[in-house]
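Please consult the sequence and the model as shown here.

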Amino acid sequence: MTNEQRQPERQSERQETHDWSWAVSDTPIGPLLLAATGQGLVNVVFHADRKTAAAAVDRLTRRLGTGPAPEPGAHLTEAIRQVESYFAERIHTFTLPLDWSLSTGFNRRVLRELAAHVPYGTVVGYQDLARRVGEPDAARAVGVAMGSNPLPVVVPCHRVVESDGGIGGFGGGLETKRTLLALEGVLPQPLF
């Protein structure tokens with residue numbers, strides 16, 4: 001078999017590539033890296049200083065199969081606008097198309113339920129969210145899904161709390177979770 005005959009086989013084995021772009025937005029909870037493909041917002045990364053942003057871009061380049069585009073796409077521009085509006089308390093609901101390609105299986109089901117049915121200013125328990133996706137014994141797995149959320153803030157994992165009233169964990173840090181819940185009126189504003 002010649003190299004020319006092998007070429008189509010190699011191409012079919014390659015990961016599908018996505019055009020994507022990214023930017024860092026300054027917010028009250030620190031810099032957020034936002035990344036979007038042609039399908040929609042694909043990733044939000046907390047504490048996006050230069051080192052964290054570079055690591056996130058490298059990771060996305062591997063996962064999406066191509067490097068970022070030099071110019072922001074329409075979905076990224078709109079994501080930045082909506083995130084800024086959320087923190088300015090001008091919007092309570094994100095209306096962005098989302099690219100779910102960085103989440104699969106149970107995690108994706110839980111995150112989609114969260115995004116669709118836990119509105120601004122409300123919270124849900126890990127156990128209740130497990131029941132909502134038809135897995136009543138999967139509260140711990142819901143916690144894992146929250147920790148793997150590629151779209152925090154927009155897919156509001158900060159709204160998931162412990163059933164006993166505890167705040168629970170949060171990948172962006174507990175102070176970030178408290179700040180987001182205070183912004184939405186669930187908790188009092190932090191004293192400092």
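Glutamate 184 counts as buried, at 6% relative accessibility (buried means under 20% relative accessible area, exposed over 50%, and partly exposed in between, with a 1.4 Å probe and protein chains only). Glutamate 184 forms a salt bridge with arginine 159, where a salt bridge is a side-chain nitrogen of Lys or Arg within 4 Å of a carboxyl oxygen of Asp or Glu. A search of the whole structure finds 6 such salt bridges.

The model is predicted: local features need pLDDT of at least 70 and side-chain atom pairs count only at pLDDT 80 or more, while totals for chains, interfaces and linings use all residues. Residues are numbered from 1 along each chain as its sequence is written, and side-chain values use heavy atoms, with hydrogens and water left out.

**The buried pair**

- The closest N and O atoms of glutamate 184 and arginine 159 are 2.8 Å apart.
- This pair links distant parts of the chain, 25 residues apart: glutamate 184 is in the segment after helix 7 (174-183), and arginine 159 is in the loop between helix 6 and strand 5 (160-161). Helices (H or I, at least four residues) and strands (E, at least two) are DSSP runs, numbered from the N terminus.
- Arginine 159 is also buried, with a relative accessible area of 5%.

**Partly exposed pairs**

- Within helix 3 (residues 74-87), glutamate 78 and arginine 81 are 3 residues apart and therefore separated by about one helical turn; their salt bridge has its closest N and O atoms 2.6 Å apart.
- Glutamate 78 is partly exposed at a relative accessible area of 28%, and arginine 81 is partly exposed at 42%.
- Glutamate 135 forms a salt bridge with arginine 109, with 3.6 Å between the closest N and O atoms.
- Glutamate 135 lies in the loop between helix 5 (126-132) and helix 6 (139-147) and arginine 109 in helix 4 (residues 105-117), so this pair ties together parts that are 26 residues apart in sequence.
- Both partners are partly exposed, glutamate 135 with a relative accessible area of 34% and arginine 109 with 38%.

**A buried charge without a salt bridge**

- Aspartate 99, in the loop between helix 3 and helix 4, is buried yet has no salt bridge.
- The nearest side chain of opposite charge to aspartate 99 is arginine 108, 6.5 Å away (Lys and Arg count as positive and Asp and Glu as negative; His and the chain ends are not counted).
- The side chains of aspartate 99 and serine 101 are joined by a polar contact of 2.7 Å. A polar contact is a pair of N or O atoms within 3.5 Å; within protein, one must be able to donate a hydrogen and the other to accept it, and residues adjacent in sequence count only if both atoms are side-chain atoms.
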